[in-house]
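Hi,

Here is the structure I promised to send over. Have a look at it first, and then read on for my notes.

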Amino acid sequence: MDPKPIPPMLRKTLPINTPADRSERPRRKVGSYAYRRWIPYLFITPGLAVLFLFYILPAIVGLGVSFTRWDALRPPVFIGLGNFIALFQDPNFYHSILVTVEYAVLSLVTQLPLALFLAYLLSQQKRGSKVFQAVFFIPQILSLVAVGVLWSLLYDPFNGPPARILGLFGVGPIDWLGKYALLSLVLASAWVYFGFHMVLQLAGMTAIPSELYDSARLDTASSLQVFFRVTLPLLRETLLISTVLMVSGAFSYSIGITWVLTRGGPLHATELLPIFMYKAAFSNHQFGYSSAVSIVMVIFIAVLVGIIVWWFGRERIEY
Amino acid sequence: MTAQDMTFNGTRSGSNKGYFRTLFLIVFSVVTIYPIFWLATVALKDNRQFVQNPLGLPLHPTLESFRALLTDPAMLRYGFNSILVSVVSVLALMVFSSLAGYALARMDFRGKNIILMIYLTTQWIPLVTLIIPLLVTVQLYKIYGTYASLILPYIASGLGLATFMVRGFFRSIPHELLDSARLDGCNELQAFYKVMLPQIQSGLAVVAIIMFINNWNEYFIALTLVNREAMYTLPVGISTLSSMFGTDWPRLGAALFLSTLPTLLLYIFFSDVFMNSASRSVGFGGR
């Protein structure tokens, strides 16, 4: 953002501020030091207080609760690492990790190529590029409840548009949220997020200096070769951001759309790790166990993000 | 360089390839927008029209579902709750983040780096992992079941991003401005309030829009930390409606539309803000 022009009342004082005059500035005066020393804390305290009381302290409480057995009715009982030991023996836990990884991989392979392809087309598009971007981005601004309810209507086996249209071709009712629940979920969330990733990749593409393309074209490379040899390697940074967001999202905020659309069902078919965590607390009243899951979740995210960043950063490309 | 310069595959507009590209983009736009369009047609039908013809255009469009919702005291209550919670938390976020962002951008003090670290770290802990501990702490603070139990966590969850954005805006203002304000006899508070803050108005608006949409759409905290129906926000209200209304899809469609209206309006007027923050991967990750 560009700062506004300097107001006229101040402009006349500006030339005074040459290095030679620095010693004359009021803050160096005797007494103003003591005054200034507590002022910064006045500025940061309100935010820090809220952050501490409603983010940091809960995080510490969560860590504490994870070492207890607690049903929220009786007082918590300290059981050490009991929850974590039970967790790593729970087949449902491994199952939900598997589902989460599947969800993350499916999201990556559907959204990234689509976002790249659309960004590539838009980078070539002269007319209406902004309008197309705005249209592709719309699903992103809907609340995940709205998206979930909307797609549960779309997926209705009798009145939903896909069912009706397929019905015209004699394809019987498809149980979208039954047998194909995970795929349907991935499709719905791809509809929400592809526009965001497309805008991100497009920003990365427009940041690539055009001279690189000129020289590539002189070498008579085909446009497909140019894309894979020039564009893609230079999109490293935006591709990294998209990948990190999708993978960490699968382990955290994927809960919103999943909860509204499938509640993790049928049975455990779409029980992503955050859903597993939520159900442990609010369906089974195992708050300690659930907290242990959330601790493991945060560690997973940190490790996965670390691996992704390392993988993308193996070789640096200078241009 | 603009997007227009990037004709690196050698095609110019006017070739067939350009037309195919435009055609493809139009088709894909239609596919993208179709679910929302269909929902609008559903909301404009009455129940009988919908059952007879779920896919077609509404032949006799009616606003009956919207009227029914807007006269439903429960829905109005949800709407009021959503507005109250979102507006108050955004206002508080503006105040807290501009104060902290200013101090972190323009002041030197002991512990500054630690505070920066704290802000960064909290951004890496997803809000969903804090649902249970938030429930515990909110009860501990004796604010369970009040608006504060939603507003304060919303402030805390948006604060990291908002503060870092504001800090960036303040850092882009030339140093001379602050020095001259001090020379003119402003004390630190006046310099902040009268000189520095007006400089970042448009940046603050961006932060406000992003924070408003995140809080307006938030679901899980609102679902968990609210213990009675009178406190439901729109997302929670609608998620319960969807099981309550059952087959009354027109009513459900209208409810989804009404709940999306504020964000949709913001999007129509400020779509550049959304694109810019998305191209810097800021803003909507937390939901």
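Predicted model: local features only at pLDDT ≥ 70, side-chain atom pairs only at ≥ 80, totals over all residues.

Let me start with chain A by itself. Its secondary structure comes to 14 helices and 2 strands. Of the 319 residues in chain A, 41% are buried. If you take the contacts in chain A with a separation of 6 or more, 67% of them are between residues 24 or more positions apart.

Now the contact between the chains. Chain A puts in 85 residues and chain B puts in 92 residues. On the side of chain A that touches chain B, the most comes from helix H2 (residues 32–65) of chain A, which gives 20 residues. By class, that side of chain A has 58 nonpolar, 20 polar and 7 charged residues.

There is one helix pair across the two chains that I'd like you to look at. The axes of helix H5 (residues 129–137) of chain A and helix H14 (residues 271–279) of chain B come within 11 Å, crossing at roughly 80°. Because of that angle, H5(A) is roughly perpendicular to H14(B). On the H5(A) side you'll find A:Gln133, A:Ala134 and A:Phe137, and these meet B:Ser271, B:Phe274, B:Met275 and B:Ala278 in H14(B). The residues of this contact of H5(A) with H14(B) divide into 5 nonpolar and 2 polar, with no charged.

On to the domains, beginning with chain A. The assignment divides chain A into domain 1 (22–83) and domain 2 (85–312). Taken over C-alpha atoms, the centres of these two domains of chain A are separated by 34 Å. Where they touch, 13 residues of domain 1 of chain A are in contact with 11 residues of domain 2 of chain A. On the domain 1 side of that contact, H2, strand E1 (68–69) and helix H3 (82–87) of chain A each supply at least two residues. The domain 1 side in chain A has 6 nonpolar, 5 polar and 2 charged residues.

Chain B is assigned domain 1 (3–65) and domain 2 (66–279). Their centres, again over C-alpha atoms, are separated by 32 Å. This contact takes 11 residues from domain 1 of chain B and 12 residues from domain 2 of chain B. Which elements give two or more residues to the domain 1 side in chain B? They are helix H1 (16–43), helix H2 (47–52) and helix H3 (64–70) of chain B. H1(B) gives the most, with 4 residues. That side of domain 1 of chain B divides into 6 nonpolar, 2 polar and 3 charged residues.

Last, a helix pair within chain B. The axes of helix H10 (residues 201–217) and helix H13 (residues 249–269) of chain B come within 10 Å and cross at roughly 160°, so H10(B) and H13(B) are roughly antiparallel to each other. Their crossing is left-handed. H10(B) brings B:Ile209, B:Ile213, B:Trp216 and B:Asn217 to the contact, and H13(B) brings B:Pro262, B:Thr263 and B:Leu266. The residues of this contact of H10(B) with H13(B) divide into 5 nonpolar, 2 polar and no charged.

Cheers

Conventions: Residues numbered from 1 in each chain as written. Chains lettered and ligands numbered in written order. Contact = placed C-beta atoms within 7 Å. Nonpolar A, V, L, I, M, F, W, Y, C, P; charged D, E, K, R; others polar. Domains from an automatic or database assignment. Axes fitted to C-alpha atoms, helices over the stretch in contact; angles between N-to-C directions. Parallel < 35°, antiparallel > 145°, perpendicular 65-115°, else oblique. Buried ≥ 20, exposed ≤ 12 C-beta atoms within 10 Å, placed from the backbone. Left-handed = near helix turned anticlockwise from the far one by under 90°.
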